[in-house]
Amino acid sequence: MLHLMAKDRGQLVLVPASYNPAEVLWAMDGRTVVGMVIASDVHNGRYRAGVYTPQTQWLGDLPVSGTLWICVQRHGEALVDKPQAGTEEFLSVQDALAAIARNRIV
């Protein structure tokens, strides 16, 4: 399993997720998966960003619960428990990755 607790926080890189490499990019710090980027299903050309927590439940390499989504609000960003308005605001995968870096938990 790739989800390990990070000892030191380093630079994040995007890697195609093993369970759906065509649609999901993992944000990784070394061997630790800290979040994911997916294309918005609402707005073409925009992306959603999610972060994983110690409570994220995994079925092999598939996160089945516990993902928190980064929601862009008027005065910053908030973590929410499901995709909703405001979670599809990132204009590039790099913008989404930067949001994961700002909001990461593991």
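Is arginine 104 buried or exposed in this structure? Arginine 104 is buried, with a relative accessible area of 10%; here buried means under 20% relative accessible area, exposed means over 50%, and partly exposed is in between (1.4 Å probe, protein chains only).

Before we go further, a word on what you are looking at. This is a predicted model, in which local features need pLDDT of at least 70 and side-chain atom pairs count only at pLDDT 80 or more, while totals for chains, interfaces and linings use all residues. Residues are numbered from 1 along each chain as its sequence is written, and side-chain values use heavy atoms, with hydrogens and water left out.

How confident is the prediction? The pLDDT, which is the predictor's confidence in each residue from 0 to 100, averages 91 for the protein, and 92% of the residues score at least 70. Confidence is lowest in β6, at a mean of 94, and highest in β4, at 98. Please treat residues 1-7 separately: there pLDDT stays under 50, and the model has 21 contacts beyond four places in sequence for them, a contact being heavy atoms within 4.5 Å. Where pLDDT is low, the predicted coordinates should not be read in detail.

Back to arginine 104, which you will find in the segment after α1. Helices (H or I, at least four residues) and strands (E, at least two) are DSSP runs, numbered from the N terminus. Arginine 104 forms a salt bridge with aspartate 29, and the closest N and O atoms are 3.0 Å apart. The pair links distant parts of the chain, with aspartate 29 in strand β2 (residues 24-29) and arginine 104 in the segment after α1, 75 residues apart. A salt bridge here is a side-chain nitrogen of Lys or Arg within 4 Å of a carboxyl oxygen of Asp or Glu. Both aspartate 29 and arginine 104 are buried. The side chain of arginine 104 also reaches the backbone oxygen of valine 106 at 2.8 Å. That is a polar contact, a pair of N or O atoms within 3.5 Å; within protein, one must be able to donate a hydrogen and the other to accept it, and residues adjacent in sequence count only if both atoms are side-chain atoms.

Strand β2 also holds alanine 27, which counts as buried because its relative accessibility is 0%. Setting aside neighbours within four places in sequence, alanine 27 is in contact with a list of residues that includes Leu12, Leu14, Val34, Met36, Leu97 and Ile100. Asparagine 44, in contrast, is 17 residues from alanine 27 in sequence and 21 Å away in space, C-alpha to C-alpha.

Now move to the loop between β3 (32-39) and β4 (47-51), the place of serine 40. Serine 40 counts as buried, at 9% relative accessibility. Its side chain reaches the backbone nitrogen of valine 42 at 3.0 Å, and the backbone nitrogen of histidine 43 at 3.0 Å. Beyond its neighbours within four places in sequence, serine 40 is in contact with Arg46, Tyr47, Arg48 and Glu88.

Charged side chains come together around here too. Side chains of opposite charge can pair when their charged atoms come close. Arginine 48 and aspartate 41 meet in a salt bridge (2.6 Å, N to O). Arginine 48 is buried at 7% relative accessible area, whereas aspartate 41 is exposed at 67%. Asp41, Arg48 and Glu88 are linked in a network of salt bridges. Another salt bridge joins the side chains of glutamate 89 and arginine 46 (3.3 Å, N to O). Glutamate 89 lies in the loop between β8 and α1 and arginine 46 in the loop between β3 and β4, so this pair ties together parts that are 43 residues apart in sequence. Glutamate 89 is partly exposed, with a relative accessible area of 31%, and arginine 46 is partly exposed at 27%. The count comes to 5 salt bridges.

The loop between β8 (76-80) and α1 (93-103) is also the place of glycine 86. Glycine 86 is buried, with a relative accessible area of 10%. Leaving aside neighbours within four places in sequence, glycine 86 is in contact with Ile70, Cys71 and Val72.
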